[in-house]
Amino acid sequence: MTTAPLAVDRALGGVSARELAVTYGTPLFVVDLDQLDLEIDRFLRACAPRGIGVAYAGKAFLCAAFAEHLAATPLRLDVCSLGELLTAERGGFPAGRMYFHGCGKTDEELQAIVDRRVAFDVIDNREELERLAAIASPSAPVDVMLRLNTGIEAHTHAFVRTGGENTKFGIARDRLPHTLTRLAQLPQLRLIGLHAHIGSQISEVAPFVTNLDELAAAGRIALEHGFAVEELICGGGIAVAEGPDALAAGLAERAAGLPFRLAIEPGRALVARAGSSLYRVMAVKNQGRRRFVVVDGGLADNPRPLLYGARHHPEVLAAAKLGPDEPATLAGRSCENDELGDYVLPRDLAAGDLVALRTTGAYTYSMAGNYNRFGRPPVVFVRDGHHRRAVRGESADEVVRLDVV
């Protein structure tokens, strides 16, 4: 018996979407390593000649196999939990190229910093400074940076804005002299730099340059207090569509003559384009004037559309029939109105067809959960027509493995 040919049969990273769906099931998180390497190369080419260091923000997406891949690049890695640190360690990422972020570190995380499982800590608040100092030894000082809230508010969604008086992150500018005075009394902590991150999905260079101005001013104050500050980390957050070239050029021009090295820490801009979420259509239904295309993912594996209106380009990868494009709402299968977006999709799209949301590499799998007790999807790496599993999907038994009865 022969199978009727599909109207469309497309690939991800050179691998047939049907083959991926049959092999691993859906929903499926697919990372194209060729695209990832291309984005990494773009950032390194833009930044390295200008003396700007690049770190990957692990919160965007991280698994052990991904950390192993990054370890073969010149990138540093920013982690912000013991879980992210352990993930990176299992992937063989060098401790000397990692540093620890976070505005509420646990005792275990601070001990990991003292134990040199990372190169340095980025201190977010006075309480953290005191707690770290209490367990560090003057005979083996811990390298630290101070995270500053420079007061720069980027024009982006409130949920991803991390600078200005309406955010919880960093030490306020007017508290810096007091904090430096206290640091001078703590020989067990050695200040090596300053950090400030103002938000995400920022489409202009100007806020980054202004942020650098504030960091540089703070760096001069630190030098006046006798600290050998060497580096200013200007955060990440450049919008995916903008790319690194204008950002690197703008920062380098403004930094001319400064006695500090510069660094940035993109996450989304490095991994977003490399990721795709592959779904199977479960149902197509009309409700009044609206057409809903229900897929087998949604809120549990990609909460971003509901959290802050994120949009991802949909692409039909396998379908028996297409027809003309017509308005449709792509929706998940959870017990919420987890609409993934209003799009135009083929009129004849039907149950069993495969649809991918593109550019989902950042803050989808890393924010996935078990709402409705759905299991998190598997993660697969593709490259040049080949594929391999990077993370197993969660079965129903694994979802309940921690329950106590």
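Is T359 buried, exposed or partly exposed? Select T359 to begin: its relative accessible area of 33% makes it partly exposed, a class lying between buried (under 20%) and exposed (over 50%), computed with a 1.4 Å probe on protein chains only. T359 has a phi near 55°, a positive value in a residue other than glycine, and is found in the loop between β19 (354–358) and β20 (379–383), where strands (E, at least two residues) and helices (H or I, at least four) are DSSP runs numbered from the N terminus.

This is a predicted model, in which local features need pLDDT of at least 70 and side-chain atom pairs count only at pLDDT 80 or more, whereas totals for chains, interfaces and linings use all residues. Residues are numbered from 1 along each chain as its sequence is written, and side-chain values use heavy atoms, with hydrogens and water left out.

Stay in the loop between β19 and β20 and select R373, which has a positive phi of about 60° although it is not a glycine and is partly exposed at 46% relative accessibility.

Next, select P27, in the loop between α1 (17–24) and β4 (28–32); the peptide bond leading from T26 to P27 is cis, with omega near -5°. For background, most residues other than glycine have a negative phi, and most peptide bonds are trans.

Finally, select L146, which, leaving aside neighbours within four places in sequence, is in contact with residues including I123, I171, L176 and H195, contact meaning heavy atoms within 4.5 Å.
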